[in-house]
Amino acid sequence: MGGLSKKASKIEELRQQSSAASLTVDAGDLFFSQYRVTPFKEGQDKASAVGLVDGYNIIGYDAVAVGMRDLSAGLDFLLQLKERATFPLLSANLIRKSTGKPIFLPSVLIERNGLKVAITAITDRRDKTAQEITDDADTDILPWNEVLPQLTAELAGQSDFVILLSNLSLEENVRIAAELPAIQLIVQSGYRSNNLHPQKHNNSLICQTGHEGKHLGELNLSLRPGKIWQESSEELLVARQQELDRCEWQLKAMRRKGDPEIVFQGKPSTIRAYKALMVKQEQLSEELKSLQAVVAEEKKIGPTGSTYGNTFHDIEITLPDHPEVLKITENVRRTVNNLGRQRSRQQVKIMTYTGWLACADCHAEQTDKWKMSPHAATYRTLENKLQQYDLNCIPCHVTAVTTGSEPFALSLPDEFLAVGCEACHGGGEKHAASPNMVKVVGKPAQEVCLRCHTPEQDDDFDYERDLKKLGCK
Amino acid sequence: MTFQYRFTTLLILMAMSIIIPATGALAAGNGRDLTIYYSNDVHGKTEPCG
């Protein structure tokens, strides 16, 4: 899932289908994945960041928050991106020490459909100093409670609706919601990787999408006087139904091989989890029946407060591409791959690993089966997409590289250009030298597979089933 | 009531029936609709791998 050009076409489609006025916002940690770009990846990461600015310009974002990770390449580079962007980059608490003034816009006021919407943003610092984050001694990142109370009061006086784009944790955002009821919506970033369906805390809704651009959130609001969120039973019904669907999917998976209390004999924690799921299923089913009655009643009376409905759109690879944004992402891909190619000329010695050719000497039958498996073709899938030098993609498509920072990642010999034997069984250099004295791992643990077969990359992964496909045993 | 009083009252009522809907204030009963498209934590990804 994911892809900027597909997200762009999805947003365009949704805007065309809806008659409601809309705003498009991003809560930050947009440009980089690490807290500090490494010299090895710097060129590629900066090229991607520029592409994202150009893409967001075309999409027409109304506001983007400055997250802590957005400063990974230093404040100067982010200021260059700000000059390139047609959307405002916001942070109310990242300031110049010498002047005490915010470096980015602290807030914007946007009018839509007769509504005045104020948007502000807070940047996180975690346990680091501002200088460690920005690479600039004349900066500070103030705590939210030194900035937001006064700013929010001003914004509430000028607008009908206040949105906070927050780079802080859910716990901090819940505190903000408790102390500042004028903020009615908090979109958060920086901590979770999954979608967060809007949670109501005091008078604020808190929500976020999953990471890496694989999902788009759509929040449909109907705003009424008093600005108090009405607990929407219809919304709760949808959320509970989704929970029940997830619960029943998990029970079905556990029951696939028979009665779980027999199948998982000897695994008491698994049996406890199964029983807890059955209890949860029953509770959710009862709750759904009551909610259905409440929803029917509410439909007769009509809403009295502001209401909302939320949808998460998966950015599937089957979505069409936005043609203008596609040109940008293709250009980024070529730039990133060429930057990697330029650095790939070195001869390298890979310690601990031997490559699959050495394994074939003694394990011919297994390697013959492996050659027919998907793992043997993983590097080719990158070459087909011109991503074979993209350090973000390489670690899950080759052997002996676990992050994009290894200096040899761009210069691997041919026998490492696939997910070979050692990717699952561990480095085989010592085993190849003394096969009877030094053994490698037999069946790899599921955790080894899950490093790359994450839900976002492979939501259909099944450990036992997919291990058989490799045919190594 | 005098004619002038009635006429003035009528004028005021007519004016209010125009002004109140036009203030842009949230009307009781009918909500003002707004859609927020939101994203976060893109982490530099312009497209998926492979």
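**A walk through chain A**

Helices α7(A) and α9(A) are roughly antiparallel to each other, a label given to angles over 145 degrees. You are looking at a predicted model, in which local features need pLDDT of at least 70, side-chain atom pairs count only at pLDDT 80 or more, and totals for chains, interfaces and linings use all residues. Residues are numbered from 1 along each chain as its sequence is written, chains are lettered from A and ligands numbered from 1 in the order written, and side-chain values use heavy atoms, with hydrogens and water left out.

**First stop: the helix pair**

Select residues 233-254 for α7 and residues 268-301 for α9, both in chain A. Helices here are DSSP runs of H or I with at least four residues, strands are E runs of at least two, and numbering starts from the N terminus. The pair packs at an angle of about 155°, with the axes 8 Å apart. Each axis is a line fitted to C-alpha atoms over the stretch in contact, and angles run from 0 to 180 degrees between N-to-C directions. The crossing of α7(A) and α9(A) is left-handed: the near helix is turned anticlockwise from the far one by less than a right angle.

**Next: two loop residues**

Now select A:Arg126, in the loop between β6 (115-122) and α4 (130-134) of chain A. Phi of A:Arg126 is near 50°, positive in a residue other than glycine. Then jump to A:Ala400, in the loop between α13 (378-384) and α14 (421-425) of chain A. A:Ala400, also not a glycine, has a positive phi of about 80°.

Methods: Parallel < 35°, antiparallel > 145°, perpendicular 65-115°, else oblique.
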